[in-house]
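Q: Please take me through one part of this model slowly. I am new to it and would like to look closely at the salt bridges.

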Amino acid sequence: MKSNRRTILKLLSASGAASLFGFKALSGQAQCLTTDDILGPFYLPGAPEIAQFAPDGAPGTTTLITGTVYANDCETPAPNAKVDVWHANDSGGYEDENYRGVVYTGDNGQYAFQTILPGKYLNGAQFRPRHFHYKVSVMGVALTTQVYFEGDTSIPIDPWASSPDAAERIIPLSEDQQGRLHGVADIYLDVEPIINGQKSQGFSPNRPFIQHVIPNPMSTEGKVQVFLPEAASASLLLFNLHGKAVNSIVQAQQISGGLHQWSIRNENQHGLRLQPGIYILQLQVNGRPADSKRFIVV
Ligand SMILES: [Fe+2]
């Protein structure tokens, strides 16, 4: 039933510490499921697979959203879920080419994107509250919904955001020392959990992770997207399935918190093409393994 669906929302503080916020599932799988919302007229299929939606130099407040997609047991992360997001620009207008993108959840079900805070636009005589549109899908199950922000004065007069169903989709935003906004939007899909060793690993949304290696399979070159909750020294190492390091993409580079993207080439440390097969990209933070992701080289 739609009326008893809920979303767990978490606050990511400026220091990177996360705290539980709002409702937590008590019992039964339906208690946690994220509610749906209207699609609206501005969805476009085929959005680019990028994690930074706003064009360089675009006006607006930089906003970083992280979250985890979970299965209907409310605790098993859903890897490889497609998270399709679109939103208005700073002036409240939708653009065909910008402010939309597709990211995929990593092995821990986590995703991240960076953009600007959506502007408000008129719906009749009233402004709609700021919001992100989401289409989230995995294993044939899809959810269309919207995410709003705490303190938005347009929420009480908006027929969709003011619905009790939307209450758990109104997330807090916190501001960091650079003036960037951070929010956490976890999504609970009505999909059966895949027990693959990912369950209840005790991760938290402020953990660094590799979001994406694209394309996968990779032929000549691709890119890797990494999220760090705070500034740190990061390394990206490439291993074959025998555990042998074959290349390093990033070596102990001091980077800021947020989303980062690097190019990755189909070559070993000697510049020679890799043997086709499965490889493991390992993220090290401050010298310690933090996450890894498998991808295929063809
Ligand atoms: Fe909208």
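Does Glu267 count as buried or partly exposed, and why?

A: Glu267 counts as partly exposed because its relative accessibility is 24%; buried means under 20% relative accessible area, exposed over 50%, and partly exposed in between, using a 1.4 Å probe and protein chains only. Before we go on, this is a predicted model, where local features need pLDDT of at least 70 and side-chain atom pairs count only at pLDDT 80 or more, while totals for chains, interfaces and linings use all residues. Residues are numbered from 1 along each chain as its sequence is written, and side-chain values use heavy atoms, leaving out hydrogens and water.

Glu267 pairs with Arg265 in a salt bridge, 3.5 Å from N to O. The term means a side-chain nitrogen of Lys or Arg within 4 Å of a carboxyl oxygen of Asp or Glu. Arg265 is also partly exposed, because its relative accessibility is 41%. Through shared partners, salt bridges join Glu221, Arg265 and Glu267 into one network.

By this rule there are seven salt bridges. One of them links Arg169 and Asp37, whose closest N and O atoms are 3.1 Å apart. This pair connects distant parts of the chain, 132 residues apart: Arg169 lies in the loop between strands E10 (141–149) and E11 (170–171), and Asp37 in the loop between strands E2 (18–21) and E3 (62–70). Strands (E) are DSSP runs of at least two residues, numbered from the N terminus. Arg169 counts as buried because its relative accessibility is 3%, and Asp37 is buried too, at 11%.

Now look at Arg180 and Asp176, whose side chains meet in a salt bridge of 2.9 Å, N to O. Both of these residues are buried.

Key
Helix = DSSP H or I, 4+ residues; strand = E, 2+ residues; numbered from the N terminus.
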